[in-house]
Amino acid sequence: MNDDDAVLICLPVSFGNPGGFDDNEQGPCSRCGQLVCWRPHAPPFPRVCMDCFHAEVRATGGDGLNIAYTEDTRRDLLAYALQALAAAEAAERKRGH
Ligand SMILES: [Zn+2]
């Protein structure tokens with residue numbers, strides 16, 4: 001992994017706090033500016049919100065995306081985004097597009 005272009009995928013604060021963490025840190029998404037949160041021990045890479053992450057996976061399939069997390073988290077995030085993309089595409093097909 002080349003850390004120079006790594007990003008930290010973050011949950012928008014508007015999603016609430018599904019992890020129940022009281023010590024999350026907050027700041028703007030480096031791409032769209034919406035307020036996101038991250039764990040205090042997360043590595044200090046540019047923060048990218050789930051919306052911008054989904055847009056990038058939609059555009060690239062996740063190829064070349066350098067996520068500053070553990071391999072387990074990278075796999076979980078990609079699976080989540082690809083599942084959301086498949087659900088969106090299935091909904092599109094159902095609507096006849
Ligand atoms: Zn964003």
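In which sense do strand β1 and β4 pair, and over how many bridges? Strand β1, covering residues 8–12, pairs with β4 in the parallel sense, over three bridges; two strands count as paired if DSSP finds at least two bridges between them.

## Basis of the model

This is a predicted model, in which local features need pLDDT of at least 70, side-chain atom pairs count only at pLDDT 80 or more, and totals for chains, interfaces and linings use all residues. Residue numbers start from 1 along each chain as its sequence is written.

## Overall composition

The chain contains two helices and four strands, arranged along the sequence as β-β-β-β-α-α. Helices (H or I, at least four residues) and strands (E, at least two) are DSSP runs numbered from the N terminus.

Of the 97 residues, 14% count as buried, a term that requires 20 or more other C-beta atoms, placed from the backbone, within 10 Å of the residue's own.

## The sheet

The four strands form an open sheet in the order β2-β3-β1-β4, with mixed pairing. Because β2 (25–28) and β4 (47–49) stand at the edges with a single partner strand each, one side of each has no neighbour in the sheet. From one strand to the next, the twist averages 50°.

Within the pairing of β1 and β4, Leu8 has Arg47 of β4 as its bridge partner.

## The helix on the sheet

Helix α1 (residues 50–60) packs on the sheet and touches β1 and β4. The direction of α1 makes about 80° with that of β4; axes are lines fitted to C-alpha atoms, for helices over the stretch in contact, and angles run from 0 to 180 degrees between N-to-C directions. Contact between two residues means that their C-beta atoms, placed from the backbone, lie within 7 Å.

Terms used. A residue is buried if 20 or more other C-beta atoms lie within 10 Å of its own, exposed if 12 or fewer, and partly exposed in between; C-beta atoms are placed from the backbone.
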